[in-house]
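Here are my notes for your first look at this one. Have the sequence and the 3D view open as you go through the points.

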Amino acid sequence: MEISLSIFYYIYLIFVIIYLFYTFSNIYHLVRFGFLSVSNITLIFFYLAVSILILTISWRYISQINWHQMISLIPQFQF
Amino acid sequence: MLLRRHPFIILVRIISWAIIALLPLIFYLILGEIVAGFFTHEVFWPILVLFTSIYYLYIWLFMFSSFVDYYLDAWVVTNYRIINIEQKGLFHRVISEQRLYRIQDVTSELKGFFPTFLNFGNIYVQTAGEAERFVFKQVPNPYQVVSKITKLVEENKKFHNLMMAEDKIST
């Protein structure tokens, strides 16, 4: 039985969407309930900058992989 | 007076997450030769890339969430009332307030090695209201804060008694 490697990629995308949702929620809470000071805004931008950096580095490696290749779930033994 | 937890608390949390972030690197340094085969395998390498990406994204998210949780917990003491603002999780926020003249007792507690040397601790405010006890958690200079609150409570009680007396005379 063979499956496409892209399944793992789609699972990864779901995790990224959840990550973006919680990122938005955290920033929303900081902006709504916190003080909108220079340090607060700087921190939010720093967090977003590092997030973009992680995603950019990840994309650099992900884009080099052939996700359409098929992988076998049942290992094939040769006698 | 706006109070938050001592910065040492958030520093400990961030350092903990930073140590967890270093675990894959330590793992690679110790088992580098054994796991080297995974980096060229056609199936394991893509999964490793995705897993590492998710791992660092979520550590960064948890670090930020820890800060947001720390930052949004606050205690405010004014001339008339105390306000307890507690962020219990991302979608759960509790705000309670109590008038100063209803405060019956204020106690401070310093417990542990770091709290003693860094001078932070809990303050327990006993009130006569629906929320019987307010707890200011891990705030800096608890003794000074208690002394300030006690002074404000005394002044507010005098003022409140004066207002009550004036109301009685006018009626």
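1. Start with what covers the buried residues of helix 1 of chain A: the cover includes helix 2 of chain A and also helix 2 of chain B. The buried residues in question are A:Tyr12, A:Asn26 and A:Leu30. "Buried" here means 20 or more other C-beta atoms within 10 Å of the residue's own, "exposed" means 12 or fewer, and "partly exposed" is in between, with C-beta atoms placed from the backbone. Helices (H or I, at least four residues) and strands (E, at least two) are DSSP runs, numbered from the N terminus.

2. A word on what you're looking at: this is a predicted model, where local features need pLDDT of at least 70 and side-chain atom pairs count only at pLDDT 80 or more, while totals for chains, interfaces and linings use all residues. Residues are numbered from 1 along each chain as its sequence is written, and chains are lettered from A and ligands numbered from 1 in the order in which they are written.

3. Does the length of helix 1 of chain A (residues 6-33) agree or disagree with its residue count? It agrees, because 28 residues at 1.5 Å a residue should span 40 Å, and the end C-alpha atoms are 40 Å apart. The expected span is 1.5 Å times one less than the number of residues.

4. A:Ser6 belongs to helix 1 of chain A. With 17 other C-beta atoms within 10 Å, A:Ser6 counts as partly exposed. Setting aside neighbours within four places in sequence, A:Ser6 is in contact with A:Trp67 and A:His68; contact means C-beta atoms, placed from the backbone, within 7 Å. Along the chain, A:Phe24 is 18 residues from A:Ser6, and their C-alpha atoms are separated by 27 Å.

5. Nonpolar covers Ala, Val, Leu, Ile, Met, Phe, Trp, Tyr, Cys and Pro; charged covers Asp, Glu, Lys and Arg; the others, Gly among them, are polar.

6. Taking the chains whole, 19 residues of chain B are in contact with 24 residues of chain A. Chain B's side has 16 nonpolar, 2 polar and 1 charged residues.

7. Helix 2 of chain B has 29 residues and reaches 41 Å between its first and last C-alpha, close to the expected 42 Å. Its buried residues include B:Pro46, B:Leu50, B:Met63 and B:Leu72.

8. Chain B also has an open sheet of 4 strands in the order 1-2-3-4, with antiparallel pairing; strands pair if DSSP finds at least two bridges between them. Strand 1 (2-3) and strand 4 are the edges, each pairing on one side only.

9. Strand 2 (residues 74-77) and strand 3 (residues 81-87) of chain B are joined by 4 bridges, and a hairpin links them through 3 residues. B:Ala74 stands opposite B:Ile85. Strand 3 is joined to strand 4 (residues 93-99) by 7 bridges, with B:Gln87 opposite B:Arg93. In that hairpin, which has 5 residues between the strands, B:Gly89 takes a positive phi near 85°.

Definitions and conventions
Two residues are in contact if their C-beta atoms, placed from the backbone, lie within 7 Å.
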